Amino acid sequence: MNAEKKQNVFSPPADLDLSVHIGSLAMSNPVGVASGTFGYGEEYDELVRIDALGALYTKAVTLEPRRGNPAPRLVETPMGLINSIGLANPGVEGFLQEKLPLLRRHRCAIIVNVAGSTEDDYAEVVERIEDHIAVAGMEPGERSGVDGYEINVSCPNVHKGGMSFGIDPVLIGRLTRSLKDRTRRPLILKLSPNVTDIADIARAAEAGGADAISCINTVVGMVIDTEKLRPAIARGAGGLSGPAIRPIGIAATYRVSRAVHIPVIGLGGIAHPSDAIQYLLAGAQAVQIGTALFSNPRAPQEVLDGIIVWMQRHSVHSVCDIRSMLEEPE
Ligand SMILES: Cc1cc2nc3c(=O)[nH]c(=O)nc-3n(C[C@H](O)[C@H](O)[C@H](O)COP(=O)(O)O)c2cc1C
């Protein structure tokens, strides 16, 4: 390891405990970057101290390569973005050959986001990654590049699979159990807010053996171009992200964290330290930053620095204690 990489590793003030535990995985701090907004890290290498992140959640990996949806597939809204990328990615073999070798260089936790059209798709992606790691045969201390999986059952931008899993507790329970049989690495189920009761879905994931819940994916939204007389993105509706969805994410985090005993990872509209602290007070043990990265790649570092200052000001020793500090509403 070169000296520069060594310097980049996160070291918290000695009197604070910022570590977060998800199943068997220990993250150095609670701030990660959200799936689909950070690729597989390569474009951000120069801009962000990746090794100082709590976790890097990769772009979704599917069984087969996907070109994604037709353009235009991104539109700005007054308080965020609507995207309809459609899970464009190189497929699991492309991921293993092209992306994993790059990811293995990083020292933060790497969580691979997995998506599929059927239960078997998800299972095969996880199996192929596990087989690849087993065959590669790591040297002692060498990184596999995969510290856990985030199972995306909440993508609104695909015809088959994605969100249709995320709205059905029976499917969620079965899928989680089946994936649990295929890996010993932590499984994080990423849920959709586009459901009647997100707590029911979270309970089903926990019963299936999930190690944590990521809360939330994007909210279905649409923008119409009044001159062209058609939706601003080619596929019509897409997924709304950014500050507009923050109160939805915080309410979902609050509800889910009281419905399950496993950790909740909060996301949706985090750009500033106080946004992340709201999620931690609502019950999250960790957070992710997505859309904010597009305008400010330094957001993860600023958010972490702000959390540290807030903890010192409120005399909080451990980041995991923040969730017990919220005064419960009447
Ligand atoms: C351009 C874009 C691509 C995304 N791709 C994925 C994806 O591949 N897998 C996934 O689980 N979530 C994906 N998401 C959702 C984000 O990870 C996150 O849940 C959502 O954007 C809310 O967080 P934010 O408001 O901080 O962006 C994507 C979001 C955006 C904006």
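The model is predicted, so local features need pLDDT of at least 70 and side-chain atom pairs count only at pLDDT 80 or more, while totals for chains, interfaces and linings use all residues. Residues are numbered from 1 along each chain as its sequence is written, and side-chain values use heavy atoms, with hydrogens and water left out.

Q: What makes β3 and β16 a pair of strands?
A: Strands are DSSP runs of E with at least two residues, and helices are runs of H or I with at least four, both numbered from the N terminus. Two strands pair if DSSP finds at least two bridges between them. Strand β3 (residues 31-33) and strand β16 (residues 286-289) have 3 bridges, in the parallel sense, which meets the requirement of at least two. Within this pair, Val33 stands opposite Ile289 in β16.

Q: Which strands form the closed barrel, and in what order?
A: The barrel has 8 strands, in the order β3-β4-β7-β8-β9-β10-β15-β16, with parallel pairing. Its neighbouring strands are turned by 25° against each other on average, direction ignored. Axes here are lines fitted to C-alpha atoms, for helices over the stretch in contact, and angles run from 0 to 180 degrees between N-to-C directions.

Q: Which strands do helices α5 and α8 lie across?
A: Helix α5 (residues 169-180) lies across β8 (148-152) and β9 (187-191), at about 155° to β9. Helix α8 (residues 273-282) lies across β10 (212-215), β15 (264-267) and β16, at about 145° to β16. Contact means heavy atoms within 4.5 Å.

Q: Why do β5 and β11 count as edge strands?
A: The open sheet of 4 strands has the order β5-β6-β14-β11, with antiparallel pairing. Each of β5 and β11 (219-221) has a single partner strand, so one side of each is left without a neighbour in the sheet. The twist averages 35° from one strand to the next. For β11, the partner β14 (residues 238-241) runs antiparallel and is joined by 3 bridges; Val219 has Leu240 as its bridge partner in β14.

Q: How do Leu87 and Leu229 stand, buried or exposed?
A: Leu87 has 8% relative accessibility and so counts as buried. Leu229 has a relative accessible area of 70% and is therefore exposed. Leu87 sits in the loop between β6 (80-83) and α2 (91-103), with a positive phi near 60° in a residue other than glycine. Leu229, in the loop between β12 (224-225) and β13 (230-231), also has a phi near 60°.

Q: What makes Asp197 a cap of α6?
A: A side-chain oxygen of Asp197 lies 3.0 Å from the backbone nitrogen of Ala199, at the N-terminal end of α6. A polar contact is a pair of N or O atoms within 3.5 Å; within protein, one must be able to donate a hydrogen and the other to accept it, and residues adjacent in sequence count only if both atoms are side-chain atoms. Helix α6 (residues 198-208) has buried residues that include Ile198, Ile201 and Gly208. Just after α6, Gly209 takes a positive phi of about 110°.

Q: Why does Glu130 count as buried, and what does its side chain contact?
A: Glu130, in helix α3 (residues 119-136), has 14% relative accessibility and so counts as buried. Its side chain makes a polar contact of 2.7 Å with the side chain of Tyr149. Not counting residues up to four places away in sequence, Glu130 touches Tyr149, Arg182, Thr183 and Arg185.

Q: Which residues come nearest to the ligand?
A: Of the 23 residues around the ligand, Ser35, Lys190, Gly242, Gly269 and Thr291 come nearest; a residue is near a molecule or strand if one of its heavy atoms lies within 4 Å of it. A polar backbone atom of Ser35 is 2.7 Å from an oxygen atom of the ligand. For Lys190, a polar side-chain atom lies 2.7 Å from a ligand oxygen atom. A backbone N or O atom of Ile216 lies 3.1 Å from an oxygen atom of the ligand.

Technical notes. Buried means under 20% relative accessible area, exposed over 50%, partly exposed in between (1.4 Å probe, protein chains only).
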